[in-house]
Amino acid sequence: MLYKKNNLYIEKVSSISLSKKVKTPFYCYSYKKIEDNINRFKSNFKSIKPLICFSVKSNNNLHILKIIRSFGLGADVVSKGELLRAIKAGINPNKIVFSGVGKTPEEINFAIKKKILLINAESHSEVETIENIAKKNKKKINIGLRLNPNIDAQTLKKISTGRNEDKFGINEKELLKILKAFHNSKHLKIKCLSVHIGSQILDHKPYSKMIKVINNFINKSKYKFEYIDLGGGMGINYNLNKKVLNYKKYYSEIKKFLKKHRVKIIFEPGRSIIGDAALLITKIIYIKPANNKNFIILDAAMNDFMRPALYGASHNIVPLKKNRNILNKVHDFVGPVCESTDKFLTLKKYQKLKKNEILAICDVGAYGIVLASNYNLRTKPIEVLVNSSKFKIISKREYINKII
Ligand code: LLP
């Protein structure tokens with residue numbers, strides 16, 4: 001995304017001309033950005049050649065997954081639906097890991113039938129269930145165990161997963177018990193130790209701590225894992241003046257760790273691959289002055305993009321056409337849904353805006369469309385993919401008559 005003569009371009013496509021062809025609100029992805037993000041992620045961890053399993057929960061669009069597969073990535077899935085979608089996108093089951101605290105027996109059975117790389121279990125009870133199902137299928141199944149390292153990832157409270165009080169993973173003591181109980185199982189092969197401490201992590205220190213905890217755990221258990229799955233969580237720069245994650249430090253911690261343990265590393269990134277690769281293009285329906293501020297009422301709402309309402313996340317909003325008339329007045333960018341939390345952003349000043357003008361909400365590629373709903377009986381936005389000077393629609397439009 002860049003401005004040429006004050007007009008916003010997505011690759012070589014003018015966003016204004018696009019917004020005349022596609023009804024707002026719509027998500028707009030850039031192929032190039034996805035490609036760049038994947039290449040950067042790979043080069044950040046070059047020498048260790050990790051298996052990179054894209055976290056499908058962050059974006060499950062079939063076309064997006066096909067692009068991601070074309071760069072050799074695998075998938076991290078959390079439901080039968082995501083597993084089916086990943087397979088439909090052509091991702092090799094041998095590169096798929098299945099996470100989640102509540103996989104049902106049906107989902108486990110399905111994953112076993114599809115011969116995926118690993119089922120990462122999160123409780124003793126789940127390991128038992130996997131063993132039973134493996135036995136019924138007369139198979140030996142590869143599993144991982146997810147450790148809860150009791151680390152605060154210093155991210156948004158609502159997306160932290162690695163503390164003891166969070167529902168995720170298994171604490172050290174319990175994990176040692178599970179290893180003891182199942183290491184000789186006829187139907188299970190415990191191959192992986194996995195962790196994931198949270199999302200939108202910008203400080204490398206929680207990752208360093210996490211590696212220490214894993215190192216200590218391996219030394220204590222004396223168990224030989226084939227894989228260490230470090231999860232995802234790498235944060236992105238939502239607001240341009242904020243800090244970015246120091247990948248170099250994370251990388252060097254991992255390299256140090258690998259000198260002591262000969263294992264293969266798995267990552268499960270979502271946001272860092274797709275987060276900044278999309279805009280939500282939205283039209284101003286009305287401008288309403290009130291109490292020294294202007295409400296900019298958009299045709300996109302919290303049902304289209306939930307992060308601000310759900311987590312208090314802040315996403316920049318930019319005009320498709322820049323002008324130099326700055327209005328020094330508070331601007332509240334809101335949607336039409338009947339909830340006070342249906343607000344995207346508040347800014348102290350903004351360029352002069354007009355009714356029917358089009359804006360773009362930034363960095364909505366991860367946890368964007370996947371969290372969209374029909375709340376207020378609104379249809380979900382469609383998705384468009386730009387590649388160089390071309391664009392195509394990559395999801396089906398919902399029609400209100402069909403929903404009714
Ligand atoms: N692996 C596991 C086991 C996870 O639970 C998650 C995300 C990921 C990988 C991918 O994390 P990422 O690299 O995308 O940070 N809806 C929230 C984020 C929820 C994250 C859930 N787990 C948001 O919009 O911020």
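1. The centres of domain 1 and domain 2 lie 32 Å apart, taken over C-alpha atoms. Domain 1 covers 2-29 + 275-403 and domain 2 covers 31-271, with bounds from an automatic or database domain assignment.

2. Before going on: this is a predicted model, where local features need pLDDT of at least 70 and side-chain atom pairs count only at pLDDT 80 or more, while totals for chains, interfaces and linings use all residues. Numbering runs from 1 along each chain as its sequence is written, and side-chain values use heavy atoms, with hydrogens and water left out.

3. On the contact itself, 25 residues of domain 1 touch 23 residues of domain 2 (heavy atoms within 4.5 Å). About 2,000 Å² is buried between the two domains, with 54% of that from carbon and sulfur atoms; buried area here is the accessible area (1.4 Å probe) lost on putting the two parts together, summed over both. D276, Y311 and Y367 give 26% of what domain 1 buries against domain 2, more than any other three residues.

4. D276 turns up again in a side-chain salt bridge with K33, at 3.8 Å, N to O (the criterion is a side-chain nitrogen of Lys or Arg within 4 Å of a carboxyl oxygen of Asp or Glu). The count of salt bridges between domain 1 and domain 2 is 1.

5. Which elements each supply at least two residues of the side of domain 1 that touches domain 2? They are α11 (307-311) and β21 (382-387), both being DSSP runs (helices H or I, at least four residues; strands E, at least two), numbered from the N terminus. The largest share, 4 residues, comes from β21.
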